[in-house]
Amino acid sequence: MNFTYMLECGDGSLYTGWTNDIRKRLAAHRSGIAAKYTRGRGPIRLAYLEVHDTKSEAMRREVLIKRLTKAEKLALIQESSWKEQLDKWGLGNLEVEHGDPI
């Protein structure tokens, strides 16, 4: 599985990325070894998640989301039901907020 995701940083900013291992990537963001942008902006919360079959699909979606305005990104987050899909994706115990598995 490949994922496109948005993180909400402690300062209220949003970070968009893609990965093929969302658990590992979240841990890297939270420990400060992932993206330079998210370092020092904790706490990090997973705000949005999509699953794609291929790396190229996930990367294309990342580019499209990055082009949205912040208001459009927030609307996408609010309208999404991605948390309801976590069990189906095999991610039932994924930590959305650091230390808080859902």
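Me: What should I know about the model and its numbering before I start?

Reply: Residues are numbered from 1 along each chain as its sequence is written, and side-chain values use heavy atoms, with hydrogens and water left out. The model is predicted: local features need pLDDT of at least 70, side-chain atom pairs count only at pLDDT 80 or more, and totals for chains, interfaces and linings use all residues.

Me: What is the average pLDDT of the chain?

Reply: pLDDT is the predictor's confidence in each residue, from 0 to 100. Here the chain averages 92, and 95% of the residues score at least 70.

Me: Which element has the lowest mean pLDDT, and which the highest?

Reply: Helices (H or I, at least four residues) and strands (E, at least two) are DSSP runs, numbered from the N terminus. Strand 5 (residues 100-101) has the lowest mean, 46. Helix 2 has the highest, 98. Where pLDDT is low, the predicted coordinates should not be read in detail.

Me: Which residues of helix 3 are buried?

Reply: Buried means under 20% relative accessible area, exposed over 50%, partly exposed in between (1.4 Å probe, protein chains only). In helix 3 (residues 70-79), the buried ones are K73, L76 and I77. They line one face of the helix, because they fall within an arc of 100 degrees seen down its axis. That arc is taken from the directions from the helix axis to the C-beta atoms.

Me: Why do residues three or four places apart point the same way?

Reply: An α-helix has 3.6 residues a turn, so such residues point the same way. In helix 3, the face turned away from the buried side carries the exposed residues A71, Q78 and E79.

Me: What do the buried residues of helix 3 pack against?

Reply: Strand 1 (2-8), strand 2 (14-19), strand 3 (45-52) and helix 2 (55-66). Six of the seven residues of strand 1 are buried. In strand 3, six of the eight are buried, so the strand is largely enclosed by the rest of the structure.

Me: How many bridges link strand 1 to strand 3?

Reply: Two strands pair if DSSP finds at least two bridges between them. Strand 1 and strand 3 have seven, in the antiparallel sense. Strand 1 also pairs with strand 2, antiparallel, over six bridges. Take Y5: its bridge partner in strand 3 is L49, and in strand 2 it is G17. L7 stands opposite L46 in strand 3.

Me: Is L46 buried or exposed?

Reply: Buried, with a relative accessible area of 0%. Contact means heavy atoms within 4.5 Å. Not counting residues up to four places away in sequence, L46 touches Y5, M6, L7, L26, R30, W82, L94 and V96. W82 is 36 residues from L46 along the chain, and their C-alpha atoms are separated by 11 Å.

Me: Where is H29 found?

Reply: In helix 1 (residues 22-31). H29 counts as buried, at 2% relative accessibility. Leaving aside neighbours within four places in sequence, its contacts include Y5, L7 and Y15.

Me: Which residues does a cis peptide bond join?

Reply: G42 and P43, with omega about 0 degrees. P43 sits in the loop between helix 1 and strand 3.
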